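User: I am new to this structure and would like to go through it step by step. Please show it first.

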Amino acid sequence: MDLRANDALTLRLLGPFALEGATVAVQSMPKKAQAILAYLARRTSTPVPRDTLTALLWSDSGDEQARASLRTALSSLRKYLNEQGASLAANNAGVRLDGERIVTDADEFLQLARQGKS
């Protein structure tokens, strides 16, 4: 079974970071936003707590600065995803990516490995 829907975007995590099917190059997205996208793309079933993201990406910053940096990165990511027809759901508790629109090559690889294919 192919993970991709007809209009899905494929996020390449194995090798150079890329978003295939995108209308705007992923390199135009800030690095921290790319990291958030990669992290969220592998965890689409439940929201990721904001504290988890700030601890991963801004552990050397104070809590207030880390949360402000996260808001800025999420704003960049949301703008980019909206241009691609994908969405990001965020509230005070957590952040979640629309998993129906973006699939990862890592997920495809794991699915093939489970099926015994290479």
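User: In which helix is the place of Ala68?

Analyst: This is a predicted model, in which local features need pLDDT of at least 70, side-chain atom pairs count only at pLDDT 80 or more, and totals for chains, interfaces and linings use all residues. Residues are numbered from 1 along each chain as its sequence is written, and side-chain values use heavy atoms, with hydrogens and water left out. Helices are DSSP runs (H or I, at least four residues) numbered from the N terminus. Ala68 lies in helix H3.

User: Is Ala68 buried, partly exposed or exposed?

Analyst: Buried means under 20% relative accessible area, exposed means over 50%, and partly exposed lies in between (1.4 Å probe, protein chains only). Ala68 has 25% relative accessibility, so Ala68 counts as partly exposed.

User: How far from the centre of the ring of Tyr39 is the charged end of Arg43?

Analyst: A charge sits over a ring if NZ of Lys or CZ of Arg is within 6 Å of the ring centre and within 35 degrees of the ring normal. For Arg43 over Tyr39, the distance is 3.6 Å.

User: What separates the C-alpha atoms of Ala68 and Thr54?

Analyst: Along the chain, Ala68 and Thr54 are 14 residues apart. Their C-alpha atoms are separated by 9.5 Å.

Technical notes: Helices (H or I, at least four residues) and strands (E, at least two) are DSSP runs, numbered from the N terminus.
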